[in-house]
Amino acid sequence: MAVTPDKIAVALGVTAPETNSIQWQQWSLWIDDATMLIENRAERLEVDLSMIGEAKLDYVIREAVVSQVKKPDDATQVTISVDDASSSRTYQSGKGRVSILDEWWAMLGLVEADEGAFAIDMLPGVSAIHDLACSLRFGATYCSCGADIAGKPIYGVE
């Protein structure tokens, strides 16, 4: 099963465009773009696409293209003014290009490793390096064994 402009039309609930029309070609181009994005990430993460189910791939490609068809550009408001009258229409903003949501990357198993700049210790100071009698182990906000400055207990150790 492969994604085609006909399947995009079904997902949108509209009549499929004529074969080789501009709209057909545009949708085909967007299908190719979504496929390229997936292949590029799979290659970068060294994942074999044949290991991902075809139904999942088709779903992600179809939904990415449907999203692009619904919101093709990043315009958010259009106002037309003639003399003293004006008419405005607000649009939900798209990215202006085919994009794949993080949840779809996760569905495909193509999530990049999170290598953040830092980690947050939820229990600061209370670790295996502190002495068993350290004040931190009893709920204090300060270290009494010196491990916070020396990297190992230096006070109260016998």
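What follows is a set of questions about those labels, with the answers for this predicted model.

Colleague: How many helices and strands does the protein chain have, and in what order do the elements run?

Modeller: The protein chain has 5 helices and 2 strands. From the N terminus on, the order is α-α-α-β-β-α-α.

Colleague: Why are helix 1 and helix 2 called roughly perpendicular to each other?

Modeller: Their axes cross at roughly 95°. Angles of 65 to 115 degrees count as roughly perpendicular, and therefore helix 1 and helix 2 get that label. The helices span residues 5-12 and 22-44, and their axes come within 9 Å.

Colleague: How do you know that helix 1 meets helix 2, and which residues are involved?

Modeller: Contact requires heavy atoms within 4.5 Å. On the side of helix 1 the residues are P5, D6, I8, A9 and L12, and they meet W24, W27, S28 and I31 in helix 2. By class, the residues of this contact are 7 nonpolar, 1 polar and 1 charged.

Colleague: What makes E63 partly exposed?

Modeller: E63 has a relative accessibility of 24%. Buried means under 20% and exposed means over 50%, with partly exposed in between, so E63 at 24% counts as partly exposed. The residue sits in helix 3. Its C-alpha atom is separated by 8.5 Å from that of I100, 37 residues apart along the chain.

Colleague: Why is I80 called exposed?

Modeller: The relative accessible area of I80 is 55%. The cut-off for exposed is over 50%, so I80 counts as exposed. I80 belongs to strand 1, residues 77-82. Apart from neighbours within four places in sequence, I80 is in contact with A85, S86 and S87.

Colleague: And what share of the protein chain is buried?

Modeller: Of the 158 residues, 25% are buried, where buried means under 20% relative accessible area.

Colleague: What makes up the lining of the largest pocket?

Modeller: Lining residues have an atom within 4 Å of a pocket point. Those of the largest pocket are A2, V3, I31, T35, I38, E39, L49, E54, L57, D58 and I61. Helix 2 and helix 3 (54-70) each supply at least two residues of this lining. Its classes are 7 nonpolar, 1 polar and 3 charged, and the pocket volume is about 150 Å³.

Colleague: What share of the contacts with a separation of 6 or more joins residues 24 or more positions apart?

Modeller: In the protein chain that share is 47%.

How values were computed:
Residues numbered from 1 in each chain as written. Predicted model: local features only at pLDDT ≥ 70, side-chain atom pairs only at ≥ 80, totals over all residues. Heavy atoms only, no water. Axes fitted to C-alpha atoms, helices over the stretch in contact; angles between N-to-C directions. Helix = DSSP H or I, 4+ residues; strand = E, 2+ residues; numbered from the N terminus. Parallel < 35°, antiparallel > 145°, perpendicular 65-115°, else oblique. Nonpolar A, V, L, I, M, F, W, Y, C, P; charged D, E, K, R; others polar. 1 Å grid on protein atoms, 1.4 Å probe; cavity = no way out; pocket = protein on both sides within 12 Å on 5 of 7 lines; lining within 4 Å. Points joined across faces, edges and corners; volume = space filled by probe spheres on them. Buried < 20%, exposed > 50% of the residue type's maximum accessible area, 1.4 Å probe, protein only.
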